[in-house]
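Here is a brisk report on one protein model.

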Amino acid sequence: MKITNLDTVVVDFYRTNLIFVRLSTDSGLTGIAEATLEGQEHAVRGAVAILADAVRGKDPTRISQTIYELNRDAYWRGGPVSMTALSALEMAMWDVSARALGVPVHRMLGGQVRDRVRAYANGWFSGAKKPEEFAEAAVQTVAQGFRGLKWDPFEAADLTLEPRDLRRMLEPVAAVREAVGDDVEIFIEGHGRFDVPTAIRVAREIEQFQPVFFEEPCPPDGIDSLLEIRSKSPVAIAAGERWMGRNTFVPALSRKAVDYIQPDVTHAGGLLELSFISTLAAAHYIPFAPHNPSGPLSTAATLQLGAMLPNFRYLEIMATDVPWRSEISSERLQLTDEGDVLIPEGIGLGIELNFDAIAEHPYTPHPMRIFSDVVADIRPPDARSYFNLERTHVS
C-alpha cells in the first residue's frame, strides 16, 4: 500500500473553519484527520501541500519512520502551522493503518483501559451576558447530562484587572456555582491573559468556587511565570494547549509548573506524540486532560487516546455546535447519565466524513477574538446539541 495523495477540505464552523485532511492510497483505503488551526487556515493548507509532496509513494503504515524523517529533514522545526499539518498527517496514517487491519486505532496503541471518559462542557454559555443567564445556561447543560462546565469569564482582560472588574467578572461564576451545586465540577479558563501578580490574585479569588483547575493563567511562552503562579495559587493550574511536541512539555513537567497537562492532538504531534507526553506526565503523577474544542475528527482522535491512556482524566468537548455538525460526519457521541462520553466503536478513528454536506459550508474568514468583547459568543444563536439523544446509564 502506498500514499497517492494528501489533500485538505475546509468547512465553515462559525468561529473558525475546520480543516480536514484526507490521505488517499493505491489500495482504495482513505485515512482522515483534522488540522484545524484558528485564523491560520491558508497557512495550514499550504503546509499540508508541502507534506503531500514529501509522502507521496510512501507506505502509510510506516508511521514512526515517516514522522521521524519529516522532522529530521525539516530545517524549520516546530511552530503551530507545521506541527498542526504534521499532526494531521500522523493521525491520518494511523486511521488508514487501522482501517487496513479492521480495528480501531486504540487497539494498535495498546488496547482499551476504559470504555468511557469523563467530559466537561465548553461553549455552553454562548450568548449569556448576565449572571442569571449564565446560571440558566449552566442548569440546562447539566440537564443535558454534563457534570463539568468550563468557561473564560474574563471578557477582554489583558494582563491585569481592576479589583472592581474582577468582582464583576466573578459574579457569573458565583451564580453558576449556586445554580448547579457542589457536585458539578467547574473549570476556569484564562486564555493566557494575565501577568504573574494578576494571575495569582485571580487564582486566590476563584478558590471560593472550588474549580478543578485554573487553565492557562499566563501567556504560554513563560514556564518560569507559570511556575511562579502555581507556587502561590490555592487552586490547581492547567496548561499545554499551545505547546507543541515533547520538548516543550518536558521542562514544564520536570519543573512541576502544572497540575494538569493539556496537549492538543491536532497541534502537539498527533496520537503517538500525545501518548508519549502522557507517559511523561504519568511519571510525575500529573493527570492528562487534553485540549479539544474543535471538530468531530479532533474529538474522535482524542477519544482514541481516552480509551488507552491510564492517566487520561478529562475530555473537553463542546456542549452544542453549529447545526450542520451532525451533517458533515458520522459522529454520534453518547453522553451517559454520569457525565461520561462513551468511546465510539468502529475501525480506524471510528468516523466518516460527508463531503457533499461539507461543500455546503465553504470557507469563511473568522478573525481571532480572544481579546475582544465578543469572545463569549463562541457558538451561533441556533447552535444545538449534536449528541445522540438516547441517554445511557453505565454501571
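Residues 131-236 are 50% helix and 10% strand, with end C-alpha atoms 24 Å apart. The model is predicted. An unreviewed UniProt entry annotates residues 131-236 as "domain: Mandelate racemase/muconate lactonizing enzyme C-terminal".

Helix 6 covers residues 163-180. Its 18 residues should span 26 Å at 1.5 Å a residue, and the end C-alpha atoms are 26 Å apart, so the two values agree. The helix has a kink of about 30° at Leu-170, shortly before Pro-172. Both Leu-170 and Pro-172 are buried. Other buried residues of helix 6 include Leu-166, Met-169, Val-173 and Arg-177. The buried residues of helix 6 pack against helix 5 (131-144), strand 5 (148-151), strand 6 (185-189) and helix 7 (196-206). Just after helix 6, Gly-181 has a positive phi of about 80°.

Now the rings. The model has 18 aromatic pairs. In one of them, Tyr-260 and Tyr-314 are tilted, with 6.3 Å between centres and 45° between planes. Tyr-260 lies in strand 9 (residues 260-261) and Tyr-314 in the loop between helix 11 (296-308) and strand 10 (315-318), so the pair ties together parts 54 residues apart in sequence. Tyr-260 is buried at 11% relative accessibility. Tyr-314 is buried too, at 7%. Ring pairs link Tyr-260 and Tyr-314 into a cluster with Tyr-120, Phe-187 and Phe-213.

Arginines also sit over rings:

| Arginine | Ring | Distance to ring centre |
|---|---|---|
| Arg-22 | Phe-355 | 4.5 Å |
| Arg-246 | Phe-276 | 3.8 Å |

Definitions and conventions:
Residues numbered from 1 in each chain as written. Predicted model: local features only at pLDDT ≥ 70, side-chain atom pairs only at ≥ 80, totals over all residues. Heavy atoms only, no water. UniProt positions renumbered as here; feature names shortened; annotations may be inferred. Helix = DSSP H or I, 4+ residues; strand = E, 2+ residues; numbered from the N terminus. Expected span 1.5 Å × (residues − 1). Bend = angle between axes of the 7 residues up to and from the residue. Buried < 20%, exposed > 50% of the residue type's maximum accessible area, 1.4 Å probe, protein only. Contact = heavy atoms within 4.5 Å. Phe/Tyr/Trp six-rings, centres within 6.5 Å; stacked < 30°, edge-to-face > 60°. Lys NZ or Arg CZ within 6 Å of the ring centre and 35° of its normal.
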